[in-house]
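Subject: Structure handover

Hello,

Here is the structure you are taking over. Please open it next to this email and follow along.

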Amino acid sequence: MPGYRRPLYRDDAVVLRVQKLGESDRIITLLTRRHGRVRAVARGVRRTTSRFGARLEPFGHIDLQLAEGPSLHTVSQVEGIELYGKRFLDDYPRYTTASAVVETAERLTPVEQEPSLRLFLLTLGALRALAEGAHASTLVLDAYLLRSMGVAGWAPALAECAVCGTPGRHGAFSVPAGGCVCPDCRPPGAAHPAPATIDLMSALTSGDWRVADGAETASRRECSGLVAAHLQWHLERALRSLPLVDRG
C-alpha cells in the first residue's frame with residue numbers, strides 16, 4: 001500500500017539466538033522486557049560495514065527499535081547496554097552455561113509476544129552474574145533453572161511433600177511426583193539425595209549465596225542432576241546445550 005509505514009516500538013531485550021538469513025541478514029530471537037519473546041530480521045548485519053552487527057550477538061543486553069511485521073519484525077535501531085558475551089567468549093564453562101540459560105528462556109516462552117517480565121529479569125540477572133564471575137557458573141545455572149521453573153509453575157517441592165503437602169524435610173525426591181516426597185507418598189524409584197543437596201537447592205531458589213557458595217562438590221553435582229532432570233521432565237524434550245555445560 002503506497003505510503004504505508006509499519007508501526008514502530010522500542011524496548012530493551014536480551015539476545016537469545018541468531019540465525020543466518022540470505023547473504024547478509026540475520027534473524028534475531030529476543031526476550032524483551034515488555035513484549036515477551038520476539039523474532040526480528042536485522043538487515044545487512046553480516047556485512048563488515050554494518051553499523052550494529054556486533055551489538056546483535058547472543059547474551060547481549062540491548063536497547064532497540066523494531067518495526068512490526070506480520071511474522072518477523074525488523075530491527076531499525078539498536079544500542080548496546082551491556083554486551084555480556086564479550087566477557088566470556090573464551091571461557092568455555094561460562095559460555096556453555098550462558099547457552100543453556102538462553103535456550104531455557106526460549107523454551108519457556110513458547111508463545112511469541114507474551115510478556116514475561118520475571119523471566120526477562122531472571123535471564124538478564126543470570127547473564128550478568130556469569131559476566132561478573134562472582135559465583136561458580138554451575139551454581140548460577142541451577143539457580144536460574146530453579147527460579148525460572150518457579151515462574152513457569154514447575155518449581156520442585158522442597159519444604160513439603162509434593163503429593164500430600166505435609167511440611168518438613170523429606171528424604172526422597174521424585175521428579176514425576178514434583179519434588180520431595182514423604183514416606184507415605186514416595187513412589188518406586190524415587191531418589192534419596194543427601195540432605196545437603198536439598199539445602200543447596202533451597203538456597204539457590206531463595207538466593208542464599210552464602211550457603212550455595214559453601215556447598216561441597218558432591219552436593220553441587222547431585223543438585224545439578226536433580227534440577228536438570230526436573231526441568232527436562234516438564235519440557236518433555238532435552239535441552240541441546242545442557243550436556244555441553246562443564247560441571248567441573
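In strand 5, glutamate 82 is the bridge partner of histidine 61. This is a predicted model, in which local features need pLDDT of at least 70 and side-chain atom pairs count only at pLDDT 80 or more, while totals for chains, interfaces and linings use all residues. Residues are numbered from 1 along each chain as its sequence is written, and side-chain values use heavy atoms, with hydrogens and water left out.

**The sheet**

Strand 4 and strand 5 pair in the antiparallel sense, over eight bridges. Two strands count as paired if DSSP finds at least two bridges between them. Strands (E, at least two residues) and helices (H or I, at least four) are DSSP runs, numbered from the N terminus. A hairpin of five residues joins strand 4 to strand 5.

Strand 5 (residues 73-83) also pairs with strand 3. These two run parallel, with two bridges. Here alanine 40 stands opposite histidine 73.

Strand 3 (residues 36-42) has seven bridges to strand 2 (residues 25-32). That pair is antiparallel. One thing to find on screen: valine 38 in strand 3 is the bridge partner of leucine 30.

Now put the strands together. Five of them form a closed barrel in the order 1-2-3-5-4, with mixed pairing. Neighbouring strands are turned by 45° against each other on average, direction ignored. As background, strands of a sheet pair through backbone hydrogen bonds, either parallel or antiparallel.

**Helices on the sheet**

Helix 1 (residues 92-107) lies across strand 1 (8-21), strand 2 and strand 3. Helix 1 runs at about 115° to strand 1. Helix 2 (residues 117-132) packs on the sheet too, touching strand 1, strand 2 and strand 4 (60-67). The direction of helix 2 makes about 60° with that of strand 1. Axes are lines fitted to C-alpha atoms, for helices over the stretch in contact, and angles run from 0 to 180 degrees between N-to-C directions. Contact means heavy atoms within 4.5 Å.

**Helices on each other**

How do the axes of helix 1 and helix 2 cross? They cross at roughly 175° and come within 10 Å. Helix 1 and helix 2 are therefore roughly antiparallel to each other. The cut-offs are under 35 degrees for roughly parallel, over 145 for roughly antiparallel and 65 to 115 for roughly perpendicular, with the rest oblique. From helix 1 the contact includes Arg94, Thr97 and Val101. From helix 2 it includes Leu119, Thr123 and Leu127. By class, this contact has nine nonpolar, two polar and one charged residues. Ala, Val, Leu, Ile, Met, Phe, Trp, Tyr, Cys and Pro count as nonpolar, Asp, Glu, Lys and Arg as charged, and the others, Gly among them, as polar.

Helix 1 packs on helix 3 as well, at an angle of about 5° and with the axes 9 Å apart. Helix 1 and helix 3 are therefore roughly parallel to each other. Among the residues that meet are Pro93 and Ala100 in helix 1 and Leu141 and Tyr144 in helix 3. This contact has seven nonpolar, four polar and one charged residues.

The largest pocket holds about 250 Å³ of space. Of its 14 lining residues, Leu16, Ser99, Val102, Glu103 and Ser241 are the closest to its centre. A pocket is an open set of points on a 1 Å grid over the protein atoms alone, where a 1.4 Å probe fits, with protein on both sides within 12 Å along at least five of seven lines; lining residues have an atom within 4 Å of a point. Grid points are joined across faces, edges and corners, and the volume is the space filled by probe spheres set on the points.

Which element gives the most to that lining? Helix 1 does, with six residues. The lining divides into seven nonpolar, three polar and four charged residues.

The second largest pocket holds about 150 Å³. Its lining includes Leu121, Gly125, His135, Arg147 and Trp209. Helix 2 and helix 3 (137-152) are the elements that give two or more residues. Helix 2 gives the most, with five.

**The whole chain**

There are six helices and seven strands. The C-alpha trace spans about 70 × 40 × 25 Å along its principal axes.

Over to you.
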